[in-house]
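Let's take a walk through this protein together. Please have the sequence and the 3D view open as we go.

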Amino acid sequence: MSNAEATASPDHTGTGSGSAPAHNPEAARLRALLEPAVQANRLYLEDVAIIPGSHRVVHVVVDLPQEETGGVSLDVIADISRVLSDVLDNDPNDDGRPYDLEVSSPGVGRPLTEPRHWHRARGRMVKVNVVQGENVTGRIHAVDGRGVTLIPEVLVKKGMKPRQGDPVKLPFDRIRNGKVEIEFSHLPEDGLEPEHNGPSEEA
């Protein structure tokens with residue numbers, strides 16, 4: 001398991017809704033409660049969900065800001081878990097019922113469906129599902145307010161390493177979604193725009 005998929009789950013007694021599904025009004029309330037603390041720790045609150053059961057789970061997904069690359073480290077997950085635990089313990093609308101707090105980050109398997117997801121994946125190899133066009137596999141070279149620029153991989157003879165094609169600009173309105181391709185080894189690519197690195201480690 002990579003750090004980007006790591007989870008810390010301290011045990012608590014606190015708030016939540018015993019039978020409420022994820023993305024319900026209680027989850028929205030908790031998002032509003034937790035978001036300021038997440039932002040104060042230079043993180044982005046991706047999602048808050050409530051998983052019902054005999055012992056409910058408040059599942060919080062955090063990510064690095066879009067201008068940073070890399071994954072969220074285990075240390076960062078542990079630190080923000082403690083911070084959010086304190087916030088929930090002091091929730092003025094706490095009903096006293098027990099819950100588990102589970103904090104994780106999206107991991108590389110998250111579909112790329114929002115501009116910030118593409119920013120976060122800069123430098124990674126991705127497979128892009130294109131609207132009314134041929135799907136593209138390539139490395140994310142740059143992202144701006146209009147779309148994504150990829151350096152595509154051009155297939156050559158079997159057994160030979162794929163070569164890089166000319167940059168391709170895909171507007172966001174032509175992208176259905178994308179998915180990061182897992183690479184066992186990845187060296188920085190020449191020509192990528194400067195980017196700040198996040199306080200994290202990647203597998």
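The paragraphs below start with a helix, move on to the nonpolar cores and end at a loop.

Keep in mind that this is a predicted model. Begin at asparagine 24, where a side-chain oxygen comes within 3.0 Å of the backbone nitrogen of glutamate 26 at the start of H1. Just after the helix, arginine 42 adopts a positive phi of about 60°.

Which residues of H1 are buried? They are Glu26, Ala27, Leu30, Leu34, Ala37 and Val38. An α-helix has 3.6 residues a turn, so residues three or four places apart point the same way. The buried residues of H1 pack against S3, S4 and H2.

Now look at the largest nonpolar core, which has 22 residues; Val60, Val62, Leu84, Leu101 and Val103 have the most contacts inside it. At least two residues of this core come from each of H1, S3, S4, H2 and S6. Another core, of 14 residues, lies apart from it and includes Trp118, Val126, Val143 and Val180. In soluble globular proteins, nonpolar side chains tend to be buried together.

Finally, find phenylalanine 172 in the loop between strands S11 and S12. Among the residues that phenylalanine 172 touches are Pro115, Trp118, Val143 and Arg146. Its C-alpha atom is 9.5 Å from that of valine 130, 42 residues apart along the chain.

Methods. Residues numbered from 1 in each chain as written. Predicted model: local features only at pLDDT ≥ 70, side-chain atom pairs only at ≥ 80, totals over all residues. Heavy atoms only, no water. Helix = DSSP H or I, 4+ residues; strand = E, 2+ residues; numbered from the N terminus. Contact = heavy atoms within 4.5 Å. Core = buried A, V, L, I, M, F, W, Y, C linked by side-chain atoms within 4.5 Å. Buried < 20%, exposed > 50% of the residue type's maximum accessible area, 1.4 Å probe, protein only. Polar contact = N/O pair within 3.5 Å; in protein donor to acceptor, adjacent residues only side chain to side chain.
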